[in-house]
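Please read this short report alongside the sequence and the model.

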Amino acid sequence: MLEVQNLSMRFGGLLAVDQVSLDVQEHEIVSIIGPNGAGKTTVFNCMSGFYKPTSGKILFEGHEVQGKPDFRISRLGMVRTFQHVRLFNRMTVVENLLVAQHRHLNTNLISGLLKTPSYREREQKSLDRASYWLDRVGLLDLANRDAGNLAYGQQRRLEIARCMVTEPKLLMLDEPAAGLNPAETRDLNQLIVSLKEDYNVSVVLIEHDMSLVMDISDRINVINQGRPLASGTPDEIRNNDDVIKAYLGEA
Amino acid sequence: MAAHNLKHALFCAIVTLIVAYPILGFNLVSSGTDIILEGATTQTVISVLLAAVVVFLFQLFRDNIMALLGKAPALNPLANRQPMEQSKRLKLESTILTLIIIGALFWPFFVSRGSVDLATLVLIYIMLALGLNVVVGLAGLLDLGYVAFYAVGAYTFALLSQYYGVSFWFALPIGALLAALFGLVLGFPVLRLRGDYLAIVTLGFGEIIRILLNNMTSLTGGPNGIGGIPDPTLFGMEFGRRVKEEGNTSFHETFGIAYSSEHKIIFLYLIALVLAVFTALVIRRLMRMPVGRAWEALREDEIAARSLGLSRTSVKLSAFTIGAFFAGFAGTVFASKQGFISPESFVFLESAIVLAIVVLGGMGSQLGVILAAIAVTILPELAREFSEYRMLIFGAAMVLMMVWRPQGLMPMRRIHIELEKQE
């Protein structure tokens, strides 16, 4: 479904990502792990179109997407979350979910001003989808709060819900468990697995929480200092000498 | 702490002296062909010294005074009440608004000509502020050159009527659309800019338009401006004493009433009222539509908005274009009201005042912006007795507002949406 081939990203003299390759099949959770500063988020930024990679190819469903503008990539069905939660803070929770469904603004400008039946129907559909996902992540009661006033764990869940209302095929989560307590992490674990099982979404995950990664990943890619270090199933990674060295240092 | 306060207070008092003494103390008096510098009278010196002492004392006991003032809201019985339920509030709001509009329709028939004229100006500023509210309040794009679009609207009408004899009603949509086109044109180069950089570029754009109007003498008459802009007509009826254009009839003859110059003023006021209501309704609708939410999303977090598939280009351009469109509206009405326009009406101060209205009213809040437009336009008129201290009072009022109510007169309220649980 997604294939990254020999991706490199250079900032001036710094080669942040060097020849990284990875692939994601349908119905799969793939993790990217590595020490801080290894270039994981840079890979994400290239994949989601925030950076134009220096070289390499990114194929999504067979189409090259590297260097395309970010909003086009997201319209193809590749949507991401951020390491630091990025919500529309002064808008309400439900408005956050409505905005995410407004990709084609110009087509309904006139019909919206006139409130035509087809426009109403579309609005109602967006509302229904928003309310479904709010219920799914347990935020329905908070629908009319300002998003910025939610607790941190709730904001994390809202961000994922906001991605899901766009009906993505591939969801990219950048450290979704950062700042969550163990109970919240367990909920998140279940949520991610259910996204894959019930909604048929593939997931790419950057995460430091090893229990989460080892639990839910189908495959894991390890990056160290911008270079790919290893890839394989959780068991293979757990027993890989290079990975242990990179994480724990050499004796 | 006390020592620090004392130092700070002394410093403030000295600054007051340095600033106040030359401005208030020295007078330039002309005697014959010469100009003589006169020193301050004792009275002025005493009042300047008194002012310095007041500043000194205020700064010295600033913390205590501010603490006292902080308790002041507790005296306000409305301060801690529960917010009204949304359905109730909306009903109350729409009732009040309908009453105000009905009142505004009949009001001009009972008051003086000057008040109606002023009210027309207020309505023009309301249109401008509502339009700028889209750009600054909703989309979060700081536009300091908004007056340019106002000028485009006004000059479109003036030029069309001068060269092609186009009437107000034809020029109104053309002026607004042309202003919108200029908004679009400005939008493109500033797509990537935000914050301070955007402010500077829009400021430059506003000046470019003004200077162009000033220097294209052959077309616009330069600083001499364009006069003789026709008044609007009502279904071909003119409001002048005599009919200027062939084929038209005059209003007072058709209805068999005595000619009165007030008819024209009231008619213009009613046009401005209808257009202002139209502006408010359209923008209110837009705010609750996808495009309005997209503006706000872009203001809140551009990166997140893009990651969800919103195109920065179309969101920003739509905000600029729609804001400019309503400025064009206001400009056309202004040209018709004045009958004469020159580049002097479109200086940076106008942009600043409209921006002040938006900020004072509460970014994004329509009702707040309308109230602020009324206050900002009428207050200087009421304070006319203070003549040269008018702007000083205006400035002081702004500073106080920003200190005590930075969110504006009536901050924007979010609409609650009832959701049904989905299975």
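Is the crossing of H7(B) and H14(B) left-handed or right-handed? The crossing of H7(B) and H14(B) is right-handed, where a crossing counts as left-handed if the near helix is turned anticlockwise from the far one by less than a right angle, and as right-handed if clockwise.

## Basis of the model

This is a predicted model, in which local features need pLDDT of at least 70, side-chain atom pairs count only at pLDDT 80 or more, and totals for chains, interfaces and linings use all residues. Residues are numbered from 1 along each chain as its sequence is written, while chains are lettered from A and ligands numbered from 1 in the order in which they are written.

## Chain B

Chain B has 17 helices and four strands; these are DSSP runs, numbered from the N terminus, with helices being H or I of at least four residues and strands E of at least two. Its C-alpha atoms fill a box of roughly 90 × 80 × 45 Å along the principal axes. Domain 1 of chain B covers 2–68 and domain 2 covers 97–404, with bounds that come from an automatic or database domain assignment. The C-alpha centres of these two domains of chain B are 40 Å apart.

Of the 423 residues in chain B, 36% are buried. A residue is buried if 20 or more other C-beta atoms lie within 10 Å of its own, exposed if 12 or fewer, and partly exposed in between, with C-beta atoms placed from the backbone. Two residues are in contact if their C-beta atoms, placed from the backbone, lie within 7 Å. Among contacts in chain B between residues at least 6 apart in sequence, 75% join residues at least 24 apart.

## Helix packing in chain B

Helix H7 (residues 168–187) of chain B packs against H14(B) at an angle of about 145°, and their axes are 7 Å apart. Axes are lines fitted to C-alpha atoms, for helices over the stretch in contact, and angles run from 0 to 180 degrees between N-to-C directions. The residues of this contact comprise 16 nonpolar, nine polar and one charged. Here Ala, Val, Leu, Ile, Met, Phe, Trp, Tyr, Cys and Pro count as nonpolar, Asp, Glu, Lys and Arg as charged, and the others, Gly among them, as polar.

Ser161(B) sits in helix H6 (residues 147–164) of chain B. Ser161(B) is buried because 20 other C-beta atoms lie within 10 Å. Leaving out residues up to four places away in sequence, Ser161(B) touches Val166(B), Ala171(B), Ile229(B) and Pro230(B).

## Contact between the chains

The contact between the chains takes 28 residues from chain B and 36 residues from chain A. On the side of chain B that touches chain A, helix H11 (262–287), helix H12 (290–300), helix H13 (302–307) and helix H14 (312–338) each supply at least two residues. H12(B) gives the most, with seven residues. By class, this side of chain B has 12 nonpolar, seven polar and nine charged residues.

## Chain A: domains and sheet

Chain A is assigned a domain 1 made of 1–77 + 168–251 and a domain 2 of 87–165. Their centres, taken over C-alpha atoms, are separated by 27 Å. Eight residues from domain 1 of chain A and seven residues from domain 2 of chain A form the contact.

An open sheet of six strands in chain A has the order S6-S7-S8-S3-S9-S10, with mixed pairing; two strands pair if DSSP finds at least two bridges between them. Strand S6 (78–80) and strand S10 (227–232) of chain A are the edge strands, each pairing on one side only. Strand S7 (residues 170–174) and strand S8 (residues 202–206) of chain A are parallel, with five bridges, and Asp174(A) has Ile206(A) as its bridge partner in S8(A). Helix H7 (residues 182–199) of chain A lies across strand S3 (29–33), S7 and S8 of chain A, at about 155° to S8(A).

## Hairpin and positive phi in chain A

Strand S1 (residues 2–11) and strand S2 (residues 14–24) of chain A run antiparallel and are joined by seven bridges. Leu7(A) stands opposite Val20(A) in S2(A). The hairpin of S1(A) and S2(A) has two residues between the strands, and Gly12(A) there takes a positive phi near 55°.

Glu61(A), a residue other than glycine, has a positive phi near 50°. Glu61(A) is in the loop between strand S4 (55–60) and strand S5 (63–64) of chain A. Phi of Glu175(A) is likewise positive, near 50°, and Glu175(A) is in the loop between S7 and H7 of chain A. Glu61(A) has 14 other C-beta atoms within 10 Å and is therefore partly exposed, whereas Glu175(A) counts as buried because it has 20 C-beta neighbours inside 10 Å.
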